[in-house]
Structure formats: structure tokens, C-alpha cells
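Biologist: I would like to learn how to read a structure feature by feature. Could you walk me through one?

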Amino acid sequence: MSVLVNKDSNIIVQGFTGSEGTFHAEQMIAYGTNIVGGVTPGKGGQEHLGKPVFNTVAEAVEKVNADTTIIFVPPAFAADAIMEAANAGIKVIITITEGIPVADMVKANNYIKNMDCTLVGPNCPGVITPGEAKVGIMPGFVFEKGSVGIVSKSGTLTYEAADQVVRQGLGITTAIGIGGDPIIGTTTKEAVELLINDPETECVVMIGEIGGQLEADAAKWYQESGSKKPVVGFIAGETAPAGRTMGHAGAIVGGSDDTAQAKKRIMRECGIHVVDSPAEIGLKVKEVVS
């Protein structure tokens, strides 16, 4: 199994004909991802990369049964693109766009919160289920199919963790890059919960950063869940001055749980296997699943 995306997902690209949408759609198609079309207002009826272009998401849902979207729309229009996708009935909305105004994301999150959809991002690398679907900007060759799920704020550390796991002879069920913006759709806790509940995921890697409470919330949920599925955790930014967040994260600072040391302490108290560097992730995963 997998979570969020798989070989049966019918995926569209919003911002399909733009430079970013084109480049990454080509990479996704080459990987074998089931891209069924894209959306660029005013260019409906055309073909791009051998796929149909639609004026609206609703049209894509009607014509090609789209159920998943990846958004490469410029920041000023990206929140509208999220709301359009949700309103059209898209179930998984993966938003790559960086720099969406916070006020716009507050509006978009409020709009979709009672809808039957999952938003990942914005400002994220996407989601990959190796060998089935790459819906994002990650280097697909790093990921091999296996039994370890990954949740990360950082794109780069997502790839590093996957590489470390694969080097130990293991592989990945699904890797979820949740993004580091102040307002995101899927939280660390929600992503970890998806993987804990996935029967084929035997271990979860949770990568966080200084700033905010997301990792502490996820750790406390994990403890309360009573799950025996092991979780390996890493927090980036331990050497940063107190009160700082990671550069791209922009996470809200506040409370006593947002430093690296505090997060690591909480994670350990909640039964998570914490490592002190990305290089230790693969070894620790192999240890806890063997």
C-alpha cells in the first residue's frame, strides 16, 4: 500500500504550461507518474507534453477523472488555485509554490477545512511513492520501494533520509514533504498518522526543524496512540541561536517546545528513537526494524 498517491492516482498539473510546471511535469511523466493533463486558464483545448490542457480544474475532473493535483501557480494566484481544486472535488492537493502570502493561505485553509481533501504544502517538495508516482520536485532516482515512511519539513533532508535508508538495504513506502511555511495543510502529526496507519509501512522517519510545535505535537500523538511501529526522529538546526527558526521554515516561534533540545527530549519521552545527525538515520532505522 501507500498513502496519498500511487499508480492509480489521476494527476493534473496546475500551471501546466509555465516553465516550472513544464519542467517538473516532464520529470514526473518520465518517472512513470500517471499525469492525465493540466490546467492553464485560456489554453484549454491545447495539448502540452502529449497531455490535454484544460481551462479549469472542474473541466479536468469531468474529462479525465482527475483526483490529485500538483500546483506550480505563481504565489499571487496559488491560494485561489488551491481553493479551485478543492471546490472541483480534487482529493489530494500538493502545492509546490513558495512565497504564498500568509493571509492568502489562512483564507485557503479556512475554505477547504471542511472539504473532503488533503492539502500538502505549500513550499514543499511533494509526495513520492517509489515505483508508482512522483508528485513533486524530488530526484526520483534516490527513492526505492520498501517499508519505511518519511515525513519531513525539509526537501533536502527528505532526499538525504531516503538515501540513508536505501543504503541500508531498505526502501520507502511513501515520502511526504510537508513544507516549512507558517500555514501548511498537512501537519507533521497528520502525516505521521497516515504512515503509522499504513499496513505496509514498518517504520516512520520524522524529520523536523527548530521553531514551532509540530514535532512535539506529533510525538505526543504517537505516544497516546499506543502504536508499536517504530519512529526515528531528527531535528535540524540544533546549533542555531535560541529563538531562531530554520531559514525557509518561517515557523511560528513560541513556547518551550520549539528548541532542538526540547523537541528531542519530548520525542524521546514519547518513545521516538532520536538521532543527532542525518547520517545516523539509516543505521537507526535498520536497527529498530531488525
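**Reading the features**

Modeller: Gladly, and let us start with a cysteine: Cys203 is buried, with a relative accessible area of 0%. Keep in mind as we go that this is a predicted model.

Biologist: How many disulfides does the model have?

Modeller: The general idea is to look for pairs of cysteine sulfur atoms within 2.5 Å. By that rule there are zero disulfides here. For Cys203, the closest cysteine sulfur belongs to Cys270 and is 16 Å away, too far for a bond. Cys270 is buried too, at a relative accessible area of 9%.

Biologist: Next, helix packing. What describes two packed helices?

Modeller: Two packed helices are described by the angle between their axes and by the distance between those axes. Take helix H7 (residues 214-225) and helix H8 (residues 260-269): they pack at an angle of about 10°, and their axes are 9 Å apart. Angles under 35 degrees count as roughly parallel, so H7 is roughly parallel to H8.

Biologist: Which residues of H7 and H8 make the contact?

Modeller: On the H7 side they are Glu215, Ala216, Ala219, Lys220 and Gln223, and on the H8 side Lys263, Ile266, Met267 and Glu269.

Biologist: Let us turn to a strand. What surrounds Thr95?

Modeller: To read surroundings, leave aside the neighbours within four places in sequence and list what remains in contact. Thr95 lies in strand S6 and is buried, with a relative accessible area of 0%. Its contacts are Ile71, Ile82, Ile100, Leu119, Val120, Gly121, Pro122, Asn123 and Cys124.

Biologist: Where should I look for a positive phi in a residue other than glycine?

Modeller: One case is Leu49, with phi near 55°. Leu49 lies in the loop between strand S3 (47-48) and strand S4 (51-54), and it is partly exposed at a relative accessible area of 29%. Asn65 also has a positive phi, of about 55°, although it is not a glycine. Asn65 is in the loop between helix H2 (57-64) and strand S5 (68-71) and counts as exposed, at 54% relative accessibility.

Biologist: Finally, annotations. Which residues does UniProt list for "binding site"?

Modeller: An annotation is read from the record and then placed on the model. The unreviewed UniProt entry lists Thr17, Gly18, Ser19, Glu20, Lys43, Ile96, Thr97 and Glu98 under "binding site". These positions are spread over 82 residues of sequence and are also spread in space, up to 23.9 Å between C-alpha atoms.

Biologist: Where do Gly18 and Ile96 sit?

Modeller: Gly18 is in the loop between strand S1 (11-14) and helix H1 (19-31), and it is partly exposed, with a relative accessible area of 32%. Ile96 is in the loop between strand S6 (92-95) and helix H4 (102-112), and it counts as buried at 11% relative accessibility. Beyond residues up to four places away in sequence, Ile96 touches Ile70, Ile71, Phe72, Asn123, Cys124, Pro125, Gly126, Gly136 and Ile137.

Methods: Residues numbered from 1 in each chain as written. Predicted model: local features only at pLDDT ≥ 70, side-chain atom pairs only at ≥ 80, totals over all residues. Heavy atoms only, no water. UniProt positions renumbered as here; feature names shortened; annotations may be inferred. Helix = DSSP H or I, 4+ residues; strand = E, 2+ residues; numbered from the N terminus. Buried < 20%, exposed > 50% of the residue type's maximum accessible area, 1.4 Å probe, protein only. Contact = heavy atoms within 4.5 Å. Axes fitted to C-alpha atoms, helices over the stretch in contact; angles between N-to-C directions. Parallel < 35°, antiparallel > 145°, perpendicular 65-115°, else oblique.
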